[in-house]
Amino acid sequence: MTTGKDDCMTPATGAADIAPKNYAWEIRATALKVRAGRRRIAVDGPSLSLGTGAHGLLGPNGAGKTTLIRTLATVLRPAAGELELFGTSVSGVGDQRAVRRRIGYLPQEFGYYKRFTVREFVEYMAWLKEVPGSDIPGAVQRAVERVGLADRADERMKALSGGMVRRAGIAQAIVNDPAVLLLDEPTAGLDPAQRMRFRELLQELGRDTCVVVSTHLVEDVAAACSDVLLLAAGRLVFQGTPEEMAAAGGPGHPGDSPLERGYSALLRNSERKEGTW
Amino acid sequence: MRVEHASARLVHDYARGGTGMAADELWALEAHLEACGICRERLAAAVATEAPEITALLGAVRSDLDSRLDAAAPAPKRLRRRARLPRWATPVMVPWLAMTAGLTLIALLLDFLNPDFGEVSPVLLLAPALPLAGVAAAWSPGLDPAHELTSSAPRAGLYLLLRRTASVLTVLVPVLFAGGRLTGVTVAEWLLPTLAFTVAALALGGAIGVGRAAVVLGAVWAAVILAPALATQRTPLALRPDQLPAWALLLALGAGIVIARRGAYSVLRNPR
């Protein structure tokens with residue numbers, strides 16, 4: 001039996017859900033160059049094609065991970081090269097509203113209004129992301145439940161611990177059911193149990209979303225990602241599965257796990273080619 | 001039309017768990033039960049008599065749940081107004097707006113306490129610079145902690161900036177209007193410079209960031225309006241009534257630049 005009330009409970013299938021997918025990759029970048037500050041080129045020419053799945057973005061500090069993620073979030077404009085999201089070019093000046101509606105973004109250090117409760121914060125973000133007004137309460141509740149904050153939803157942000165604030169940040173990133181989810185260091189400040197829970201969420205999201213997670217923790221990538229991107233000095237050094245990355249390392253390379261040894265081997269190779277050290 | 005109902009045997013078998021029923025009978029019965037309230041009522045009665053253990057189980061679950069449901073606090077009735085407010089002005093703008101209103105009141109007080117300040121009205125002097133603080137707080141990474149999150153959202157850009165600017169003016173204009181009435185300054189004399197400075201902050205902000213634009217315009221205000229007024233104790237040249245067409249021109253020019261460069265407001269200005 002369906003009544004009008006039941007119809008309201010289940011999210012309606014919108015035109016966007018059943019529209020045919022007319023692009024090959026959610027994210028496609030060709031020879032992307034992005035400036036950080038006036039002069040420094042932080043992202044120096046990587047070409048990427050990323051589809052559905054969880055992609056781990058690894059690299060040492062200062063490798064350009066954050067700049068790359070901010071560019072993908074359309075917050076920074078590329079200085080050169082081509083960037084396509086959902087088959088639409090976003091490198092020029094143009095209306096990016098339609099593209100941004102389908103992006104979820106968690107900055108590395110995200111600011112928020114301390115007096116807001118978790119629910120108000122996520123609601124406000126849902127409004128900014130142009131989620132239809134009638135869907136906002138339901139979408140907010142789902143997002144808050146997914147990150148395990150339902151019981152703290154009506155507490156003020158300033159009363160939360162660092163890990164909870166980060167989870168609230170993840171909730172705002174997923175509140176608009178994004179097709180591309182960009183998370184910059186989402187596991188910083190999470191305790192080990194929360195990190196496990198987060199990896200599960202990541203695997204779950206990776207089934208139907210293109211997730212790009214930047215991290216400096218190799219084990220996060222091993223546990224949750226199907227694809228690894230290794231960035232060093234703004235260049236893409238390696239792209240492949242975690243197994244392929246582990247295979248690149250030998251017993252002579254520093255690291256506690258095969259994956260860490262592969263990581264340091266690939267980084268060392270890139271430095272040798274550059275000849276900087 | 002006469003509707004055929006399920007037989008008592010079927011209903012009783014179903015109530016006992018339906019293990020001995022043929023699959024097609026089970027399907028047909030369930031399809032009928034979904035649509036027929038009379039048979040659901042008969043089933044309920046049958047469950048009570050045929051399967052008392054189920055009734056007992058349901059009763060136990062319900063009594064367990066009832067106590068816990070009573071303890072759970074209902075979701076607080078929230079004020080919708082509160083949720084709508086940030087759509088017009090962010091919480092960080094509130095202290096700046098309060099400061100602006102306070103400054104206007106101080107200027108008014110000065111005017112009344114010190115009538116021999118010269119012919120110049122402090123309200124008129126202050127008016128162009130007043131919206132700058134609020135506009136800067138509305139759209140700059142330094143003053144708004146959520147600026148990065150905001151600027152990545154689809155609603156970011158000129159639309160949201162204008163919304164916030166509108167809320168700054170909504171607070172400011174009534175205060176200035178009252179001040180203008182009390183000190184005898186005509187509306188056009190203070191309104192045009194105020195709007196021109198606001199629009200100039202937005203236009204310049206598209207190029208160097210709204211926060212920096214507010215600082216630059218604050219300096220311009222101090223040099224062109226405040227300093228001459230303090231030096232000569234008279235209304236500065238720029239604020240004389242015969243300069244109003246120039247202010248109107250500036251306003252139109254600024255608005256034109258803002259509209260032409262509307263795409264510039266949706267990306268971050270100074271990458272950190």
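Start at the boundary of chain A and chain B, where the rule finds one salt bridge across the interface. The model is predicted. To see the pair, select R70(A) and E148(B): these two residues form a salt bridge, and their closest N and O atoms are 2.9 Å apart.

On the chain A side 34 residues are in contact, and they meet 31 residues of chain B. About 3100 Å² is buried between chain A and chain B, with 57% of it on carbon and sulfur atoms. Now pick out R100(A), Y113(A) and W127(A), which supply 25% of the area that chain A buries against chain B, more than any other three residues.

Stay on chain A and select T74(A). This residue lies in the loop between α3 (65-72) and β5 (80-85) of chain A. Check the backbone there: T74(A) is not a glycine, yet has a positive phi of about 65 degrees. For comparison, most residues other than glycine have a negative phi. Is T74(A) buried or exposed? T74(A) has a relative accessible area of 3%, which is under 20%, so T74(A) counts as buried.

Follow chain A to the other end of β5 and select F86(A), in the loop between β5 and β6 (88-89). Here too the residue is not a glycine, and the phi of F86(A) is positive, about 55 degrees. F86(A) is buried because its relative accessible area, 7%, is under 20%.

Move to chain B and colour it by domain. Domain 1 covers 8-68 and domain 2 covers 86-266. How many Å separate the centres of domain 1 and domain 2 of chain B? Taken over C-alpha atoms, the centres are 72 Å apart.

The last stop is on the surface of chain B. Select L204(B), I208(B), V216(B), V220(B) and V224(B), which form a nonpolar patch with about 330 Å² of accessible area together. Show the helices as well: α11 (187-208) and α12 (210-232) of chain B each supply at least two residues of the patch. Which helix gives the largest share? That is α12(B), with three residues.

Finish on I208(B), which sits in helix α11 of chain B. With a relative accessible area of 30%, I208(B) falls between the limits of 20% and 50%, and is therefore partly exposed.

Notes
Residues numbered from 1 in each chain as written. Chains lettered and ligands numbered in written order. Predicted model: local features only at pLDDT ≥ 70, side-chain atom pairs only at ≥ 80, totals over all residues. Heavy atoms only, no water. Patch = residues over 30% accessible without salt bridge, like charges linked within 9 Å, V, L, I, M, F, W, Y side chains within 5 Å. Areas by Shrake-Rupley, 256 points an atom, 1.4 Å probe, with all protein chains shown as cover. Salt bridge = Lys/Arg side-chain N within 4 Å of Asp/Glu carboxyl O. Helix = DSSP H or I, 4+ residues; strand = E, 2+ residues; numbered from the N terminus. Buried < 20%, exposed > 50% of the residue type's maximum accessible area, 1.4 Å probe, protein only. Domains from an automatic or database assignment. Contact = heavy atoms within 4.5 Å. Buried area = accessible area lost by both parts, 1.4 Å probe.
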